[in-house]
Amino acid sequence: MNQELHDPVNDPSEQHVIGVGPWEGELPFDEKYDPELLELGDRRNVADKYRYWKMDAIIADLDERRHDFHIAIENWQHDMNIGTVVRSANAFLAKEVHIIGRRRWNRRGAMVTDRYQHVRHHPTVEDFVIWAESEGLTILGIDIFPDSVPLETYDIPKNCVLVFGQEGPGLSPEVHAAAKDTLSIEQFGSTRSINAASAAGIAMHAWIRRHVFGQRVS
Ligand SMILES: C[S@@+](CC[C@H](N)C(=O)[O-])C[C@H]1O[C@@H](n2cnc3c(N)ncnc32)[C@H](O)[C@@H]1O
């Protein structure tokens, strides 16, 4: 191919390539860099700031500034949402992700973001509640129950765990009973609910608006 005429932005064969190639110029001397990534390039799904960093160094950097909210999701059946929930928890920098119920969960959708996240498993709701109470966290259920209150006008506490239910059954009666409050996200169309991954993104961002940007609710 004529190199001068080659336009990588408009070349379909290059459009799937993300990240950066091998480090150019003098190699940086810092423990956080991964020699193999420097040599071969870094095609991982990481923010530009973390290009060429070792995974452990990225996790250590995230650990320095994780937020005070946790998220939890019930996992009693096969649910495709969990991977996407974990990816959003990584993006919004939740302290930890909690899987309640079955240990195995479908990682598709997580895009390997779970490797940078602390994921804890609780076999039963009771185990989860004991853990949350021992950490002094307010348990908030997220679902559309008759006694739910609107997320949009709820003053979310800083130290909390937001719990999401499954496609189909939604939050279990045990989590409903254990939660200080259950919050619903206002909808306007004909569908009864949105999926858990969408609800999780909205609820996590409500915490971010309140506690990172200081936006108060009326
Ligand atoms: C598809 S919903 C489950 C069905 C729902 N319990 C029902 O009555 O139809 C799966 C999960 O998504 C979340 N969810 C979906 N729509 C929601 C909404 N409008 N407000 C709050 N949570 C919602 C909840 O965590 C829920 O447990």
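Tutor: In this predicted model, strand 4 (residues 138-142) and strand 6 (residues 160-164) are joined by 5 bridges and run in the parallel sense. Within this pair, Gly141 of strand 4 faces Val163 in strand 6. Helix 3 (residues 81-91) packs on the sheet, where its contacts are with strand 1 (70-75), strand 2 (97-101) and strand 6. The direction of helix 3 makes about 175° with that of strand 1.

The sheet as a whole is open and consists of 7 strands with parallel pairing, arranged in the order 3-2-1-6-4-7-5. Its edges are taken by strand 3 (119-122) and strand 5 (149-150); each has a single partner strand, so one side of each is left without a neighbour in the sheet.

The protein is divided into domain 1, covering 3-63, and domain 2, covering 69-211. Taken over C-alpha atoms, the centres of domain 1 and domain 2 are 32 Å apart. Each domain gives 5 residues to the contact between them. On the side of domain 1 that touches domain 2, 4 residues are nonpolar and 1 is polar, with no charged residues.

As for the ligand, 18 residues lie around it, of which Gly165, Gly170, Ile185, Ser193 and Ala199 come nearest. By class, the shell around the ligand comprises 8 nonpolar, 7 polar and 3 charged residues.

Key
Residues are numbered from 1 along each chain as its sequence is written. This is a predicted model: local features need pLDDT of at least 70, side-chain atom pairs count only at pLDDT 80 or more; totals for chains, interfaces and linings use all residues. Domain bounds come from an automatic or database domain assignment. Two residues are in contact if their C-beta atoms, placed from the backbone, lie within 7 Å. Ala, Val, Leu, Ile, Met, Phe, Trp, Tyr, Cys and Pro count as nonpolar, Asp, Glu, Lys and Arg as charged, and the others, Gly among them, as polar. A residue is near a molecule or strand if its C-beta atom, placed from the backbone, lies within 6 Å of it. Two strands pair if DSSP finds at least two bridges between them. Helices (H or I, at least four residues) and strands (E, at least two) are DSSP runs, numbered from the N terminus. Axes are lines fitted to C-alpha atoms, for helices over the stretch in contact, and angles run from 0 to 180 degrees between N-to-C directions.
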